[in-house]
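Subject: Structure handover

Hi,

Here is the structure I promised you. Please open it next to this note. My findings follow below.

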Amino acid sequence: MTMKWPRLLAGFLLWTAVATTTSGATIEGTSLQADMQQLLREEGWEGAVWSTVAADGSVISGAAGVSDARTRAPMLASSRVHVGSVTKTVLAVGVLRLVSSGRLSLDAPVSEVLPSLRFDNPWETTHPVRVRHLLEHTAGLENLKLSQFFSLQATTDTPLATGSGTDKGVLSVLSRPGSRFSYSNVGYTLLGQVIEAVAAERYETWMDREVLAPLAMHDSTFAFTAQSGPSADARLAMGHFEQAHPAPAVPTYLRPAAQLTTTAADMARFAVFLLGDGTVHAQPFISPELMAAITRPGDTEAARAGLPLGHGLVLVGRDRHGVVGACHPGNTVGFWAMLCVFPQHRGAFFVATNTDNEDADNERLNRRLADALALPKAAPTSASKPGEHSLSDWSGFYVRAPAPMPAIAPLQALTDFIRVDEVGNTLRLRTLSKDAQLLQPMGGNLFRADGRTLPSHALLIGDDGKRVLSDGLRSHVRVPKWQIALPALLLAIACAALVILLVLGFALALRRRLHWRHPAFAPLLACTALLLPWPFFLQQSLLQLGDRTVASSLLALLTLALPVALLAGVALGTRQWREGSRSLRAATLCIAMSLPGVLLLVAWGLLPLRLWSL
């Protein structure tokens, strides 16, 4: 591919500035640059920055595309980016720094470090939520609420307790602490509060001084940066959504979990530290025993069942493309990022795009950078016989437990369940959104998915006595078939009945046979009124979805009116049934058929629909 000479010159200056880069690495860098440019075009990313750390210690940083789709300014290797949840890896090292210096214990109950914090933890007496559980995402906390992410009400100075919700009430613990991985942005926001409690200052200030500065990450900061305004950073790339829509940065409630501005070179320095022995300039920084645990999973059900990979104190094990390493992805408003280290091979890569594109295949970037490191490929573990239990004993339907967002868990279970079936000596996993997946037996109730080199799934009996399918990062518990089929059937019938009711009601209205005492009048009015909030939603930012706005308030009011109108329609139709016309009886029947599904949503707390409380 032909590049414009200014970009070629900039790339040449960058590569020659890296003294340790060999000529072979330069050739690879040229090929990598061309491939990354092509990937940007094919996947719809505006720009990207990356860095690789080779086994010999050589570092290559690069950039492609544009930093702002409006100005077409080129993305540079020195451009700053937001990295979303990759922030958690650096924050975790900050917590480990406090532990290594004797100011904090990994096994300290969080409620002792934060005395004002209250957990609703059924296992409190034997298994309190500890600091290590927050680091490993095994505290059993929910991931986040809609209002904690989709909001424009957060400021750069919003107290962390407000962000985590600990200033308003009790945090529910959904699974026994330490037993199951359950990703939690709330948990890492609590870690920000832990740092502030121990350090007696804002976590951003402490992290910049005590972690970023010693690691020579001088182009990085935990402070909020934006493309314009009081927090403007001239080197910060503009974030984008699909079709090059600009996505300027906004403050977030969950900033310890997702607010870090950095560069590809600084992330390479961080990766080199993670690959090291925990010292900085030959001085102890993180203790050796903690460094040994940054990728090692804790004592979870999945680990005890024999799964080799899981989340350690900093990173999560990853088995892709024939190479096993430890990584952490991240995405935030307008950005996506990935950090991966391969301790066995002394290599690492970091990549970030300034486009949050849901349709893009981010894995293509990961694969290309892993190839750039020329890591040796491992052969898949040989298949074995199934364990001591018959595979047919594990067939059935499995739902996520704990649910990442408990407020919508019943509804999510209807679309996010896994169907497990025995097919010979293999297990077949089916979902509504993905193609069927076959798992090869590895012995001892361990299984391996295609494309993996190590066991990737385990069948186990959970601490609660239920059958569990786990991949180390998600646990699904077997439930009776009716628990999915019955709600799905009721909701399907309700939707079909309401559609028929709308057609019937409008037909009656056109024939001027619909009056206010007709059973269909109130339900038809309530259903039609649900269209009213959408113009207001279209006028507001997507990031206000979790805020209490005119649109969301109107939606809550109208979804409250729907079940009331249906009950009124049934009451009127029942009273007029004998003397009523055929159309009246049909309308009454439709209303009655829709009621069970609608009342089920009421029982689940999803009607009235209050987006700010989800």
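A salt bridge here is a side-chain nitrogen of Lys or Arg within 4 Å of a carboxyl oxygen of Asp or Glu. On that basis, a search of the whole structure gives 27 of them. Please bear in mind that this is a predicted model.

Salt bridges

Start with Arg-364 and Glu-42. Their side chains form a salt bridge, 2.7 Å from N to O. Arg-364 sits in helix α14 (residues 363-372) and Glu-42 in helix α2 (residues 23-43), so this pair ties together parts that are 322 residues apart in sequence. Arg-364 is partly exposed, at 25% relative accessible area. Glu-42 is also partly exposed, at 43%.

Next come Lys-145 and Glu-142. Their side chains meet in a salt bridge at 3.3 Å, N to O. Glu-142 has 18% and is buried, because the cut-off for buried is under 20%.

Then look at Arg-235 and Asp-219. The closest N and O atoms of this salt bridge are 3.2 Å apart. Both residues lie in the loop between α9 (203-212) and α10 (255-258), 16 residues apart. Arg-235 is partly exposed, with a relative accessible area of 33%. Asp-219 is partly exposed as well, at 26%. The pair belongs to a network of salt bridges that links Arg-80, Asp-219, Asp-233 and Arg-235.

Nonpolar cores

The largest nonpolar core has 80 residues. Which residues have the most contacts inside it? They are Leu-274 and Phe-350. Helix α3 (residues 87-100) supplies the largest share of this core, with eight residues. Another core lies apart from it and has 34 residues, including Leu-414, Leu-501, Leu-524 and Val-598.

Leu-274 deserves a look on screen. Neighbours within four places in sequence aside, Leu-274 contacts Val-93, Met-291, Ile-294, Val-314, Leu-315, Leu-339 and Val-341. As background, nonpolar side chains in soluble globular proteins tend to be buried together.

Tyr-188

Tyr-188 is in helix α8 (residues 185-199). Its relative accessibility is 0%, so Tyr-188 counts as buried. What does Tyr-188 touch, leaving out residues up to four places away in sequence? The list is Lys-88, Leu-91, Ala-92, Leu-134, Leu-135, His-137, Pro-256, Ala-257, His-311 and Leu-313. Asp-107 is 81 residues from Tyr-188 along the chain, and their C-alpha atoms are 16 Å apart.

Now the hairpins. Strand β19 (residues 457-461) pairs with strand β20 (residues 467-470) in the antiparallel sense, over four bridges. Leu-459 has Leu-469 in β20 as its bridge partner. Five residues separate β19 and β20 in this hairpin. In the turn, Gly-465 has a positive phi of about 85°.

β20 also pairs with strand β21 (residues 475-479), again antiparallel, over three bridges. Here Leu-469 stands opposite His-476 in β21.

Over to you.

Best wishes

Methods
Residues are numbered from 1 along each chain as its sequence is written. This is a predicted model: local features need pLDDT of at least 70, side-chain atom pairs count only at pLDDT 80 or more; totals for chains, interfaces and linings use all residues. Side-chain values use heavy atoms; hydrogens and water are left out. A nonpolar core is a set of buried Ala, Val, Leu, Ile, Met, Phe, Trp, Tyr and Cys residues joined through side-chain atoms within 4.5 Å. Buried means under 20% relative accessible area, exposed over 50%, partly exposed in between (1.4 Å probe, protein chains only). Helices (H or I, at least four residues) and strands (E, at least two) are DSSP runs, numbered from the N terminus. Contact means heavy atoms within 4.5 Å. Two strands pair if DSSP finds at least two bridges between them.
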